[in-house]
2 protein chains.
Amino acid sequence: MKIVCKKYNLLKGLNIVSKAVPAKTTMSILQCILVDCTKGNIRLIANDTEMGIETIVEGDILEKGVVALDAKMFLDITRKLPDSDITIETDQSYKTSIKCNKSNFNILGKSGDEFSYLPEVDRNDYIIISQLTLKNLVRQTSFSVSSNDVNKIMTGIYFEIKGDNLRVISLDGHRISIRNIILKEETDDKKVIIPSKTLDEIAKIITGESEDEVNIYFTDKYVTFEFDDTIVLSRIIEGEYFDVDRMLINDFSTKISIDKKEFVECIERSTLLVNEGDKKPVIFAIKGNTIELRIKSTMGSMNESIDIDIEGDDLTIGFNPRFLLDALKVIDDDVIDIYLNGSRSPGIIKDIDVNYIYLILPININTVD
Amino acid sequence: MKIVCKKYNLLKGLNIVSKAVPAKTTMSILQCILVDCTKGNIRLIANDTEMGIETIVEGDILEKGVVALDAKMFLDITRKLPDSDITIETDQSYKTSIKCNKSNFNILGKSGDEFSYLPEVDRNDYIIISQLTLKNLVRQTSFSVSSNDVNKIMTGIYFEIKGDNLRVISLDGHRISIRNIILKEETDDKKVIIPSKTLDEIAKIITGESEDEVNIYFTDKYVTFEFDDTIVLSRIIEGEYFDVDRMLINDFSTKISIDKKEFVECIERSTLLVNEGDKKPVIFAIKGNTIELRIKSTMGSMNESIDIDIEGDDLTIGFNPRFLLDALKVIDDDVIDIYLNGSRSPGIIKDIDVNYIYLILPININTVD
């Protein structure tokens, strides 16, 4: 195999596919990026069997062929080469030279025989959304998936399509995040649980421009994202997702409207007296037209009050400050509404048009002081 | 004690003095910052017994007093408070409230009784240099102090003043870094070994502006840096420094002139095939008007040549690429001269005016291939 391509193009492609190279693995072929030039273009492929990425690099093929190169070394070398033409050449035994100007690297590649290519998938069933929208949806939901594997379904993000409505949901047992968007076109109803890891990696790769699009193809076992010259294929998580509608209460006994920035800064200050990992609740005392935040720990105590609009009853309730911050940080509104039902029911942050719903369970506060 | 000051001023002061708070210590008083308002101004002091820092914060004293507050908590709280007036008040039992707008923190302080104040030092013997110069001198030498404590002297940076010449030296057994500058005024000869840790912290605090100055006071046991509203006092390292002049050879059998940027990039590429911590030498083959860099490891091999000017004999020599990079990165010249004396003598990088000398020992290469 012999190819020539610009450093910029090669590096761009390697940065994309290396997202599917596992950090640790016992199978050394998984740590490789496959360079496949058998089909008329230069394709880079990485595949950790859960997620696979394939992208096309602009360049010239002087001699067809295939080679698998260690991802880290290939990326490191390319990154450090001058901004110029890079020539990659392999011989029969996969000895590979990477040349650029007067610099010449020789490393040992592998045959592509053991490498698993991405499976061909059916492309009949799909939706199209903008890269900006997908990037936002991931950012606004992926923080509340479960970080432990005990319940695999909780590590995924649920995509539910009904007509022209896409609802994206994540939950971890303490909170639920929901985002709704309207698709440009109606399509068949679909329900699919996508590993949040895949979505996080895709969010890093896509440009996030509103004019750039992503095609998302659905099949029984896989979901495939196609954009620019890149395909990302991911296994879906099997099983039935939780019935979140049962958990969302529309009634409320207290509704408050609060300035988001002021609220975030105040909660951040309250966390200063809590050790990382400690689940100490911040107490929110809603009374008259203020909310007072209070926290007491071995390090000291803190209190601060914020002016709010209130509808309904006074209330004292405890929340994990981290969970509130996570949700507030992905909401773009300047003023947010929180709906409450006594101190033992979840708090729900949502907007009037229900573009977003963030539900957070309260922490029991025995000593309401 | 009761004081009021702007958040900006308090935070600036805390950031400065916290440089003298040790990361780990069994003596909890060392992890505190002392707020001393007994002498008509608000002084913040931290002192880890090797290095002490004192700075003055602009603000109003409503009630005189002293309190020692946990440095981390004090800094974290101040950082997160709004940009407004901060009121700090302590009672008889050192319960301390920190108030800003509607935010109110209560933490427990300590009396200052156990706290070691900075010793008063004599201010007769001193030099004045610009903050920019001091910052540069530290950056250009501190990288080559020894990182282990076996020989304490090697962990310090040597300041040697003769007339109006200040020579700053560091060494670690494999290399020597020397910088020379001319002082504005002549002064008595001085020799002092300053802990590199102190100098690194000072370099972080000072602005690095050429018009801002630092006064450096010398006494038997201490060196004191005074700038802006801040005093940094450091113990000096006792002992006789190495006679580096004996190690500097002025003869050479080979002299090369090389483009620094090209050389740095080429060495950086050669390190890609070396595992961190591995002391594998890069081989430099000087021949005709080129230098060829070669390296071979279990990962592969690399070679690259650069055009150079050469005076004297051809030569093949091995160096630790890290040591070369460390020196090259603190040299501002575009073209550098390297003086060599066969493959077993040190390489010396220096400029014609001897503003800098960087000596690096070669690594023995048995198999000159």
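Helix 1 of chain B makes a left-handed crossing with helix 2 of chain B. This is a predicted model. The two helices, residues 7-17 and 71-80 of chain B, pack at an angle of about 150°, and their axes lie 10 Å apart. Helix 1 of chain B brings Lys7(B), Leu10(B), Leu11(B) and Leu14(B) to the contact; helix 2 of chain B brings Phe74(B), Leu75(B), Thr78(B) and Arg79(B). By class, the residues of this contact are five nonpolar, one polar and two charged.

Helix 1 of chain B also holds Val17(B). Val17(B) counts as buried because it has 26 C-beta neighbours inside 10 Å. Leaving aside residues up to four places away in sequence, Val17(B) touches Ile33(B), Leu44(B), Ile45(B), Ala46(B), Ile53(B) and Thr55(B). Gly277(B) is 260 residues from Val17(B) along the chain, and 34 Å separates their C-alpha atoms.

Helix 5 (residues 260-270) and helix 6 (residues 321-329) of chain A have axes that come within 10 Å and cross at roughly 150°. That angle makes helix 5 of chain A roughly antiparallel to helix 6 of chain A. Their crossing is left-handed. From helix 5 of chain A, the contact draws on Lys260(A), Phe263(A), Val264(A), Ile267(A), Glu268(A) and Ser270(A). Helix 6 of chain A answers with Pro321(A), Leu324(A), Leu325(A), Leu328(A) and Lys329(A). The residues of this contact split into seven nonpolar, one polar and three charged.

**The sheet of chain A**

Seven strands of chain A form an open sheet with antiparallel pairing, in the order 11-12-24-23-22-16-20. Strand 11 (156-171) and strand 20 (309-312) of chain A are the edge strands; each has a single partner strand, so one side of each has no neighbour in the sheet. On average, neighbouring strands of this sheet are turned by 20° against each other, direction ignored. Within the sheet, strand 22 (residues 335-340) and strand 23 (residues 347-350) of chain A pair in the antiparallel sense over two bridges. Tyr339(A) has Ile348(A) in strand 23 of chain A as its bridge partner.

Helix 4 (residues 196-205) of chain A touches strand 11 and strand 12 (175-195) of chain A, and its direction makes about 70° with that of strand 12 of chain A. Helix 5 of chain A packs there too, touching strand 16 (254-259) and strand 22 of chain A. The direction of helix 5 of chain A makes about 90° with that of strand 16 of chain A.

| Strand pair | Sense | Bridges |
|---|---|---|
| Strand 8 (residues 95-100) of chain A and strand 9 of chain A | antiparallel | six bridges |
| Strand 9 of chain A and strand 19 (residues 300-307) of chain B | antiparallel | five bridges |
| Strand 22 of chain A and strand 23 of chain A | antiparallel | two bridges |

Thr96(A) stands opposite Ile107(A) of strand 9 of chain A. Strands 8 and 9 of chain A form a hairpin with two residues between the strands, and Asn101(A) takes a positive phi near 50° in this hairpin.

Side chains alternate along strand 9 of chain A. Ser103(A), Phe105(A) and Ile107(A) point to one face and are buried.

The contact between the chains takes 21 residues from chain A and 21 residues from chain B. On the chain A side, the elements giving two or more residues are helix 2 (71-80), strand 9 (103-108), helix 5 and strand 19 (300-307) of chain A. This side of chain A has eight nonpolar, seven polar and six charged residues.

**An enclosed helix**

Helix 3 (residues 131-141) of chain A is largely enclosed by the rest of the structure, because eight of its 11 residues are buried. The buried residues are Gln131(A), Leu134(A), Lys135(A), Asn136(A), Leu137(A), Val138(A), Gln140(A) and Thr141(A).

Note on methods: Residues numbered from 1 in each chain as written. Chains lettered and ligands numbered in written order. Predicted model: local features only at pLDDT ≥ 70, side-chain atom pairs only at ≥ 80, totals over all residues. Axes fitted to C-alpha atoms, helices over the stretch in contact; angles between N-to-C directions. Helix = DSSP H or I, 4+ residues; strand = E, 2+ residues; numbered from the N terminus. Parallel < 35°, antiparallel > 145°, perpendicular 65-115°, else oblique. Left-handed = near helix turned anticlockwise from the far one by under 90°. Contact = placed C-beta atoms within 7 Å. Nonpolar A, V, L, I, M, F, W, Y, C, P; charged D, E, K, R; others polar. Pairing = 2+ DSSP bridges. Buried ≥ 20, exposed ≤ 12 C-beta atoms within 10 Å, placed from the backbone.
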